[in-house]
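Here is a quick tour for someone meeting this structure for the first time. Have a look at the sequence and the model, then read on.

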Amino acid sequence: MFRVTRRYEFSASHRLHSTQLGDEENRRLYGKCNNPFGHGHNYVLEVSVRGPADAVSGRAVDTTSLDALVRGHVVRAFDHRNLNTELPAFAGVVVPTSENLGFEICRRLKQNWKEVFPGEWPKLDRVRIGETPRNIFEISADEIE
Amino acid sequence: MLITRKIEFSASHVCRSPQLSDEENRRLFGSAANPHGHGHNYVVEVSLQGRPDPVTGMVLDLKELKEILTREIVEPYDHRFLNYEVPPFDRQVPTTENIARDIWRRLEPRFAGGNNKLHSVRVYETPDLYVDYFGEPCSV
């Protein structure tokens, strides 16, 4: 069994502000990330896939297909976007923290997985987001439906 | 506890299976199927699991680990054309998966029976693609 990981990048802006909290509380909680004009990051996204290696090809995943899935459903949708105003997932009460971004990415990949990988393998294993080189968030695919 | 040592080697390879047609190989492996070969600067991270020795405070002396990795991996792999010069890649496609498994097979006997054992082999083909192998059965 192998775990194959591909690395992608996208740049996006966001603002951390919860509609369920007052302005003062938002400022206290999120600090500079609550700036009303927003700010941005160069996100680094790692997508890991788990599976056995095919006896003929010696590969556990067709990386061209994985790239098409991740670029089509995640990178293209997120890159050079304002996450708060342009992504329906963050239009309501869900704050575009990297935790919630990770869940959204995982959900998008799982929803479209079978179109690209209809067989038993490979399976999505985990999603890892570097918001900055020092802040990293990792979600196991089992953590969401 | 896990300890990890990183090594590097540079090698060339061709990804094509003799069981597939030229057309299928091109579709499956893309530019990596170019019969003349191409190369990578591979980075390998080898992790051992163990308990620190009560006297030395070390799971394994990293100097010793470096020597093992140099002898078992760097010497046979570095500056080689994997398909022609490094078995089993005369009969197995040298994908990152198969390289990780071959490195595991070369290393596992070196860490059998001590107070440490091989935990994982991570092989970076490029900074954007890496494979983790944990041996069989799956412990991912």
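## A hairpin in chain A

A hairpin of two residues links strand 4 of chain A to strand 5 of chain A. This is a predicted model, where local features need pLDDT of at least 70, side-chain atom pairs count only at pLDDT 80 or more, and totals for chains, interfaces and linings use all residues. Residues are numbered from 1 along each chain as its sequence is written, while chains are lettered from A and ligands numbered from 1 in the order in which they are written.

Strands 4 and 5 (residues 135–140) of chain A run antiparallel, joined by six bridges. One pair to look for is A:Ile129, which sits opposite A:Phe137 in strand 5 of chain A. A word on terms: helices (H or I, at least four residues) and strands (E, at least two) are DSSP runs, numbered from the N terminus, and two strands pair if DSSP finds at least two bridges between them.

Strand 4 (residues 123–132) of chain A also pairs with strand 2 (residues 39–51) of chain A, in the antiparallel sense and over seven bridges. Here A:Glu46 stands across from A:Arg128 in strand 4 of chain A.

## Where the chains meet

Chain A puts 17 residues in contact with 22 residues of chain B; contact calls for C-beta atoms, placed from the backbone, within 7 Å. On the chain A side, strand 1 (2–14) and helix 2 (63–78) are the elements that give two or more residues. Strand 1 of chain A gives the most, with six residues.

Pairing crosses between the chains too: strand 1 of chain A and strand 5 (residues 129–133) of chain B run antiparallel and are joined by five bridges. Within that pairing, A:Arg3 has B:Asp132 as its bridge partner.

Most residues other than glycine have a negative phi, and most peptide bonds are trans. Which peptide bond of chain A is cis? That would be the one from A:Trp121 to A:Pro122, with omega near -5 degrees. A:Pro122 lies in the loop between helix 4 (98–116) and strand 4 of chain A. In chain B, a cis bond joins B:Pro87 and B:Pro88, with omega about 15 degrees.

A:His80 isn't a glycine, yet its phi is positive, at about 55 degrees. A:His80 sits in the loop between helix 2 and strand 3 (81–82) of chain A. A:His80 counts as exposed because it has 11 C-beta neighbours inside 10 Å, and the cut-off for exposed is 12 or fewer other C-beta atoms, placed from the backbone, within 10 Å. Over in chain B, B:His79 has a positive phi near 55 degrees.

Terms used. Two residues are in contact if their C-beta atoms, placed from the backbone, lie within 7 Å. A residue is buried if 20 or more other C-beta atoms lie within 10 Å of its own, exposed if 12 or fewer, and partly exposed in between; C-beta atoms are placed from the backbone.
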